[in-house]
Every structure is written in C-alpha cells, then in structure tokens.
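Take each task first, then follow its solution step by step.

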Protein chains: 2
Amino acid sequence: MPRELFLYNTLTRTKEKFEPLNPPHVGLYVCGPTVYSDPHLGHARPAVTFDVLFRYLKHLGYKVRYVRNITDVGHLEDEVAGEGEDRIQKKARLEQLEPMEVVQHYINRYHHFMDMLGILQPSIEPHASGHIIEQQQLIKIIIDKGFAYVVNGSVYFDLKKYNDQFGYGALSGRNIEDMLNNTRELEGQDEKRYPLDFALWKKADSTHIMHWPSLWSEGFPGWHLECSSMGMKYLGEQFDIHGGGMDLIFPHHECELAQSTVVTGRPPVRYWMHNNMITINGQKMARSKNNFITLEELFTGKNALLEKAFSPMTIRFYMLQAHYTSPVDFSNDALKAAEQGLNRLMKGLSLLPKLKPSASSTVDVITLRENAYKALSDDLNCPVLLGNLFEGVRIINSVIDRKETINKEDLESLTEFMRTFTHDLLGLAPEENGRSNDNELLDKVVKLLLQQRQEAKARKDYAASDHIRKQLASLGIQVMDTKDGAVWEME
Amino acid sequence: MPRELFLYNTLTRTKEKFEPLNPPHVGLYVCGPTVYSDPHLGHARPAVTFDVLFRYLKHLGYKVRYVRNITDVGHLEDEVAGEGEDRIQKKARLEQLEPMEVVQHYINRYHHFMDMLGILQPSIEPHASGHIIEQQQLIKIIIDKGFAYVVNGSVYFDLKKYNDQFGYGALSGRNIEDMLNNTRELEGQDEKRYPLDFALWKKADSTHIMHWPSLWSEGFPGWHLECSSMGMKYLGEQFDIHGGGMDLIFPHHECELAQSTVVTGRPPVRYWMHNNMITINGQKMARSKNNFITLEELFTGKNALLEKAFSPMTIRFYMLQAHYTSPVDFSNDALKAAEQGLNRLMKGLSLLPKLKPSASSTVDVITLRENAYKALSDDLNCPVLLGNLFEGVRIINSVIDRKETINKEDLESLTEFMRTFTHDLLGLAPEENGRSNDNELLDKVVKLLLQQRQEAKARKDYAASDHIRKQLASLGIQVMDTKDGAVWEME
C-alpha cells in the first residue's frame, strides 16, 4: 500500500487523495509540445512539473504508463473561431520544407533540451499525425451518437446539445451563455450551427499540405481530438491523471473532456492537473512583446534580456522553488539567486562522504525525511521539500563544523534521504560544466598539485605553496585545509 | 556543379555516376530499425554507412532530405511464407506491456546509441504505425490496377501477374521459377493464388493487439508496404537513393520495388545501395549462436566474447576500415587494432596546432586532399580515405621531427583537410573518456603542475621534477619537452 498522495484536481477545485483506478498501475497523460518552433521556457514548466510527478509516483511503487504526445498535425490558430492557418504548415511553407521535416527538426530539438533539463522520457510519445485513423474512429462514434454534424466536408461538435445533456464548462468553470456573449462573429462561423461548436474534422482547402482522406473530405482532424484519441488508446477509456499547462484548460481540455464523454458515456479522467504559467520580468512571455526566451538562449546567455547563461539545472531548480500551481517570474536576479541555491545544495551533497559518524546523534533525520515525504505528498510541494533539503545541508555543515553529531545509522539515512530526494525525485543532478569535481582524472591531477603545495610547505617555501593555492583559485578551484589534509572543490 | 560521385547500384550491378533527379536536392531513404530489441552491431553498420553518404552529399553542396523509417508495426517473421507471429506483439505480450511502450523504449535506446556512434539525425524519421492510411491508399491503387486480390479480409500482391508484366527479381538477381522450386509449402499458403505472393494487408486474428480498420478487415499492413508508402510520401514517386543492409535486398526491397512500380508505373528508385553484413569471429551473428553483441555490451565490455569495452568511435572507425560492400568481421584483436589506429589518427590531429610553418614545403598537401576526395567519390571508399588521413598523420609527425617542412598555406590546407575529412565526413570525433586533452580545465591544471616541475628543475631538484613526470605518466599523461617548453598528451 503506497504512501498517501494528495493532488489538486482542477475539475473539483479541491486537493483529493489520489486513488488509482487499477493499482499498482497509474495512467498519466500530459499534453506535449506543438513542434513548430524552438523549445522555450514555456515548454520547460509542464515538463519539469510532470516529470517530478512521474518520478514520485514510481518512487511510491506505482507502475506508471506516462503518455506525452507530440502535436505535429498543426492546429488552428484560433480554435474557438475554428479558422486560422495551420501553424506547422505555415512555417513549412516559409522555410520551403516538407512539414514533417520541420516537425522532425523541432522534435529533435525538444528532446535535446528535455534531456538537458533532466526530464525522464515518457513511456509512450505518440504523434498526432500517426493517429489519424483513431481520430476518425472517434468522429464516427460522435456523429453516430448525434453529437456532431457534417457541413461541406467538415465535422463540428454540437456543443449546445452536449451542454444540455452533460453540461459543458465544468473544468474551466465557464458558463456557456457567458462564453456566447463574449464570442465575436468570425469568418467561417457560418458552417457552424452554434458559435461555440468546434471542429472535429476540417476539409482541407487547396493550399493545405497536411491532409488525409476520410468519410467526410480530404482534410485533417481538429486539435482537441488527438488527446481524446491517444489518451483512450494507450491508457484506456478512463484513466488516472491528465496534466498540462493551465492555458490548456480552455478550450483544449474542456473540449477533450466533452468529446471523450460522448464517446464513452463517462468522464475520461479522474484527476486533472494544471501547472501555472511563467512570466518574464513580470510580463507574459510573447514574441510580440520581445521578451521571448528559448531554452537555447537561456543555456547560452544569448538573449538581450539575459545578463549571463543559466544552466539547465538552475532553471529546473528555479521552477521547483515555486509550487507548480503558482506563477513563476523569470528575471536575472531571481535566476542568479537560484544558481547560488542550487550550488549550496549540491555542495552540501558533495560533503556527505566526508562526514564522520559519532557514537550518538544530536540531529533528527527521521522527522526530516518524514517531512520531505509529507511535502511531496501534499500536491507535490517542492518549495517545502527544498526547505527540508536545505535543513539537511544545515545538518551536514553543522556536523563538519562539529556543532552537531550524527551516528552511523543516521548518517546512512541522511545520505540516502538527501540523494533520493535531490537526484531521484527532484531530478537535480550535479552539472558537468566544471562546477563539480566529478571528473576523476582532474581530481587526481589537482591532488598531485596539492601534494606539491604540501612539499613546498614542508620545505618552508610558503610563497610557493601560497602561489599554488592562488593559481588554483584563479581557475575556480577552492582549496580548503582540513585536519585530514587539503581538499578541493569548485567555487 | 558538385564534384563527381560514383555509387555502386545494386540494381545495375555497376558503379554509376550519381546524377540527382532534381539537383541540388537529393532524396535518400534508408531502412531503419525494427524496434523490438536492443540496438546491436547489425544496426550500427547501415547507420554508419549511410551517415557517411549523408555527410558527403551535404558536403558536396546537395540539399539532402534523408528519410530513415522506424518499423514499429512489427512484421511477419517469415515474409515469404506470409505467416509467423508479429514480432513486436510477441515481445509485448511477454513483457505485459502495450506494444507502443516496447516500441518507445527501443526507439529511445536506438537514438541513444546512434548518438554515441556520431550518427547525424535524419531529416525525417517516420513511423510505420503512423502511416497506416497512406499504406491503405497504396493497397487500394494496387487492387484497382489488378495486381492484388482480397481473400478472407487479407490482401495479397499478385506476383505472377507482376512478373509477367514488369519482371520480378531484378534487384536480387533471382529468377521466379527458381524461387518457386525452392519454396516449401507452409501453413497459411492456401489463401494465396501463387506461393510467392506476399501480403499487403493481413486480417488480424483475435490475439493480435496492433490492428486498424480497413476496407478489407480489421488488420495490419504487410511489412514491405511501409517503405513504398513513406518513401513516396516524403521523397516523391521517384527518388534518388535507397539504402539498407544487403539482407534486405530480398524479399524486402524486391517487393517494395514491385509495389511502387505498380502504383506509379515506373521504378521508384534510381540508385539502390546495400551495405554488406557483419560477422563475429567469422560467424554470422545470431542469438541462436550465442554470439550476439548489443551496442551496450560492446561499449561496456559486458559480454563473454569481449576482452574489454570498445568505444563508439572505435566501432565506427573499425567499420570504416572496410568498404561498405565488404563483410566486416568483429574480433577482440581486430577491435584492439582499430582502437590503436583511431588513437594514432586523433593524436595526429591534436598535434596540428603545434606545427610551425616554414618558408617552403617539402610535402604535397594538394595531391593528398585530391586523393581523399577521389576516394570518397569512388563509391565511398573509406578504407582508402583512411589511408590518405594516415599519410596526413605521417606528414604531421615528420614536420614535428623536422624531417619535412610545411609552409603557412599548406599548413592551413592540411589542417582544414584533416579536420574536414576526419570529423565532418567520417564523423570521427575525439572521445571524452580521458583519451583526449580537450578538457580545458584539466589542461590548465596540468600546466600548473608542469610549471612546478619547471621550478623544481630551476632549483636543481631533479628528483622532484622527475617524480612529477612519473606521477603524470601513471595517470596516462605523457610529458614531452620541446624547445617551446613542456607539452602533454594522453597516452
């Protein structure tokens, strides 16, 4: 029986105890990237959020099937309007490339940057373009059940009928009448019976490159359909958790919920989870606002808004400092502070092997560990967990400074606790950018140099020994004299 | 006008001058992995072969669209018989996993090991399972043209009719009558009009997990169809180059050729290229022979047949030592020799920045470079090219030893030549396993230590200076005294 876990469910607006449908199996579906542009900060937050959930569920003993889709068909720019140019296709035409070549390029880029951020690969990463038949099957069912209609080769979901029978808007808390009052009349709306109806299938006009044959027309599926289809195919008609950014609640998840409910007669998802958004210096990130930061720019520092490069682990750490349901604002100062925090945590962990056990403990590792579990089980409260880990760092430093003592058993427990929660659950790993002394050969060569310094001291050539220390410091290598001899670490 | 390139065409059994259909564009299709097992040595050879082709075509100025598919639908174990269990599905049932979860796992593994081998990502990596509609469209055309027939929900290609009209067997040089005489009667053959007919669509029985609806039955496409379909979709009805291992010539490529020819009325591919196979200690690699080596085993040394681990670049170098149309035999001795060869080449390259130009040259870099191009343009003759590169290494060493001189212009040309052909075209890169001194920080620390050694010498403490040299040597760091001071390199 795994430890209790509570998750905030967007649908019920409460924190609920997590109880999977088929324990020990857990089905987790998260909306992945639309692959028509380079991965940016907005991609990183859901990836990190649900990566921690995936890691924690597995740690608790669940067998998790994690599905994260690739939206490669392109979706309409304005789904409510049901019109707008297919985004992927637009990009392809500009670059004179086959759309799938654009898609492949950005999938590769996405994978590359997710790897850098320490995001585990999902169990299945299905492509929307690879599930056209499955989407068509759902459309057929929805038409047969009377909740969709065909006009000029396009198929629309009958939202009014759905609302009357099942009620629409539960996830977003929107009221269909209010939405209607706020809807402008847009081009192409004339095909719809009701302005809020959305497309399940769109007939392709002659300029569309990505299209497939169907019972209704040569065309392409509406955006919302792919998640209903792939969620159902790989996780079953009803599954445990559906995640994504909160910008997807409406209309994407609301429409997905409606489609799936019509098909199976019941709600498809038990727990809907949504991460909050990011801002840049207090503003929404948008290309039009010139405050758009890609992950490559972030990791290289090549963006006018950035004072320097920030490492993938710094970004990950910074995101984890906020609860996933809160917004996160990116600024140079905040990131520099996160970098320091991460270094302090990693330094603490690197000191663990140097701790010497005493006969008794003055520290309480059991409670610390229990609090860490409580934090993660409380709707993935990573900021509180980071507080627990820094309490661990405080203990480590206090034992080194001999202000506290720790016995053998507690030391083993502290080591296991710190490593499990930092590395395995939060996914924070030492970085190989010279900030860690992982490199074995480097360590050995530095030790030879420290030996030279020792010999200089022995022959009382303090100028020489000091010179070596200073030279190393200029390379970012800090030498510390301990009673067991000199040790070193990166600044 | 790019430099001339000659390629051996399996179809014509001659080396032909390469002339693309739509210069500067080149369409290249290579059969990718069937993702039901861990990547092994057999995956590495076509990947390396066509990676070099891809790199060289781009270097020559062509705009290459390189399509390498993922076979994830599973194909029949015995295609000639048309029966046998779907391989992917079998594995999935054993592991109690969703087939697409197995697929995803092995796709990820494949990508990981291809990255290690320095294989560039193809332009498009389409999945067979993502192109069921496109495959069904081809089946419809083939039926409409009268070259396929439906029996009990399965669709078979009418090979006799095709042979009569177009002639079957040109690629493999097989004669349909001979094949017929060698065909045993196998189960399931009764659906076929003719024993050599092959399945375009198979009706799924109740135990099949992977299946899709179609006009003929709930079922799945025959294996050969995916390449006809995806080649056509992404490269056009006729494209330049189709590659793969020579084990795919028959029946896979022969059947693909037949299908596509029926659909479009003309041969789909201009140049068919096939890499030869690998053997292990003189024997065909097969799980049943207990001589099966995965790439992970090779890179970690964890296989009873291996005396030690061999690095990805060693494997790549070893494969390039043979022409791709020749077999390659793997043995510990051969790999150890390749490791030494690779190190010698990399060491040569690392010495380039240390070369001092003279007023005149005693070496002929122009001819060397021209010969290297000739080698690659002669059907990718990598063994000859490696010979040219080792001639480059000889020149580098001779200049260092002052047996030869090189002027500034030639030195620039040699540097550019060595780097372009080694890194960019053969894809051989220094490895970060401590065998290179790329690590900047390490270099700086070693230099501090060499400074200490210099100071020990200055105070005539030769025991100390010698001790430093020996300590570094024990770490594999070789110190050489030159007139410009001490330099170091990894052994």
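This is a predicted model, and we begin with how one chain is divided.

**Exercise 1.** Describe the side of chain B that touches chain A, by helix and by residue class.

*Solution.* First, count: 32 residues from chain B and 32 residues from chain A make up the contact. Then look for the helices of chain B: α3 (99–116), α4 (132–144) and α15 (440–458) each supply at least two residues of this side. The largest share, eight residues, comes from α15(B). Finally, sort by class: 15 residues on this side of chain B are nonpolar, 12 are polar and five are charged.

**Exercise 2.** Explore the largest nonpolar core and the surroundings of B:I142.

*Solution.* The largest core holds 244 residues, and B:I142 is among those with the most contacts inside it, as are A:I142 and A:F157. Leaving out residues up to four places away in sequence, B:I142 touches B:F147, B:A148, B:F157, B:L200, B:Q259, B:V262 and B:V263. Another core, of 20 residues, lies apart from the largest one and includes A:L448 and B:L448.

**Exercise 3.** Decide whether helix α7 of chain B is mostly covered or mostly open, and see what follows α7(B).

*Solution.* Of the 11 residues in α7 (225–235) of chain B, 10 are buried, so by the count of neighbours within 10 Å this helix is mostly covered. Among the buried ones are B:E226, B:M230 and B:Y234. After α7(B) comes B:G236, with a positive phi near 105°.

Technical notes:
Residues are numbered from 1 along each chain as its sequence is written. Chains are lettered from A and ligands numbered from 1 in the order in which they are written. This is a predicted model: local features need pLDDT of at least 70, side-chain atom pairs count only at pLDDT 80 or more; totals for chains, interfaces and linings use all residues. Two residues are in contact if their C-beta atoms, placed from the backbone, lie within 7 Å. Helices (H or I, at least four residues) and strands (E, at least two) are DSSP runs, numbered from the N terminus. Ala, Val, Leu, Ile, Met, Phe, Trp, Tyr, Cys and Pro count as nonpolar, Asp, Glu, Lys and Arg as charged, and the others, Gly among them, as polar. A nonpolar core is a set of buried Ala, Val, Leu, Ile, Met, Phe, Trp, Tyr and Cys residues joined through C-beta atoms within 7 Å. A residue is buried if 20 or more other C-beta atoms lie within 10 Å of its own, exposed if 12 or fewer, and partly exposed in between; C-beta atoms are placed from the backbone.
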